[in-house]
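I opened this model to look up a few residues and one surface feature. My notes are below the structure.

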Amino acid sequence: WRYERGERSLLTNLSSTTLPKKGEDLMENKTKDVEEEEEEEETAMAEEIEDVIDLLLSGLKDADTVVRWSAAKGIGRITGRLPSMELADEVVKFVMDLFHKGEGPAAWHGGCLAMAELARRGLLLPSRLDSIVPLIEQALLYDVKRGTHSVGAHVRDAGCYVCWAFARAYEPSVMKPHVHRLSRAMMVTAICDREVNCRRAASAAFQENVGRQGNENFPHGIEILTAADYFSLGNRRNAYTEVSVQVAKFPEYRTAIVDHLVKIKLRHWDPNLRFLSADALAELTPLCPKHMRDVVLPFLCPLTLDSEVPVRVL
């Protein structure tokens with residue numbers, strides 16, 4: 001039942017095309033596979049395995065990053081050895097429960113690591129992507145204010161790792177319905193994130209998707225990667241005022257960048273980000289004057305009377 005994108009070895013691909021199997025051999029192999037699957041479904045999971053899985057799921061919420069990373073690795077390895085697809089799907093459901101607003105950043109981080117491990121091993125079936133992609137999109141923008149600062153940089157970095165794993169795990173036809181949401185979220189993170197490691201991680205994930213999913217799924221991918229590369233995203237001001245303008249020339253990403261700056265970054269606790277967001281909006285205005293007039297200005301005008309002083313100033 002494991003999802004496999006195909007053979008990764010060029011030698012295996014060439015040998016399979018030059019030496020095709022006979023029809024009788026293929027039918028015998030399929031019959032053996034069906035019999036093996038039926039035998040696996042009849043077997044029950046031992047109670048000890050359930051205890052180990054419960055322990056690993058608890059480890060995904062541990063305060064220590066090393067524990068969460070090790071638990072995610074263990075979840076991936078054990079899930080691949082479960083006797084049936086139904087049991088593995090239950091593990092995926094438990095991991096999805098970690099992406100809840102009531103959970104802390106440690107749970108979100110551990111959930112992202114586990115999702116990436118499951119995807120890498122082909123244990124995250126394509127039928128689950130409809131419910132998982134929105135969670136990863138939230139993880140890419142995860143930022144929770146705690147007093148005079150915020151937490152969530154490690155969650156956003158792990159979200160980029162999930163996008164990187166998706167690019168390597170699934171066929172372009174499988175990812176095509178979800179590319180629009182993930183590509184916009186990755187670009188917003190690559191340009192507007194406060195931390196340099198998150199911006200570069202999002203750019204690397206986007207590059208992996210462009211290379212493995214193709215230009216049809218990611219339009220203008222090469223042009224965007226040329227503008228938003230490792231070095232250009234290293235400087236935050238350059239990312240906000242220069243790279244954002246070059247990426248916003250493509251309509252697929254323009255509205256997402258503008259809306260994120262207006263609704264999220266203008267309210268950020270860091271005053272430097274608020275100033276940079278205002279400068280970026282000024283640079284982006286010539287590209288979408290109608291959207292600025294009809295959507296952005298009506299949203300910003302009431303904020304001039306907001307109760308929070310930083311929001312009211314900007």
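I am working with a predicted model, where local features need pLDDT of at least 70, side-chain atom pairs count only at pLDDT 80 or more, and totals for chains, interfaces and linings use all residues. Residues are numbered from 1 along each chain as its sequence is written, and side-chain values use heavy atoms, with hydrogens and water left out.

**Negative patch.** I found a negative surface patch made of E47, E48, E50, D51, D54, E86 and E90. Patch residues have over 30% relative accessible area and no salt bridge, and like charges are joined within 9 Å. A salt bridge is a side-chain nitrogen of Lys or Arg within 4 Å of a carboxyl oxygen of Asp or Glu. Helices α3 (47–59) and α5 (85–96) each supply at least two of the patch residues. The largest share, five residues, comes from α3. Helices here are DSSP runs (H or I, at least four residues), numbered from the N terminus.

I checked D54, which sits in α3. D54 is partly exposed, at 44% relative accessible area. Buried means under 20%, exposed over 50%, partly exposed in between (1.4 Å probe, protein chains only).

**S203.** Is S203 buried or exposed? S203 is buried, at 6%. S203 belongs to helix α11 (residues 196–213). Leaving aside residues up to four places away in sequence, S203 touches A190, L225, A228, D229 and L233. Contact means heavy atoms within 4.5 Å.

**H220.** I looked up H220 in the loop between α11 and α12 (221–227). H220 has a positive phi of about 60°, although it is not a glycine.

Methods
Patch = residues over 30% accessible without salt bridge, like charges linked within 9 Å, V, L, I, M, F, W, Y side chains within 5 Å. Areas by Shrake-Rupley, 256 points an atom, 1.4 Å probe, with all protein chains shown as cover. Lys, Arg positive; Asp, Glu negative; His and termini not counted. Charge placed at Lys NZ, Arg CZ, Asp CG, Glu CD.
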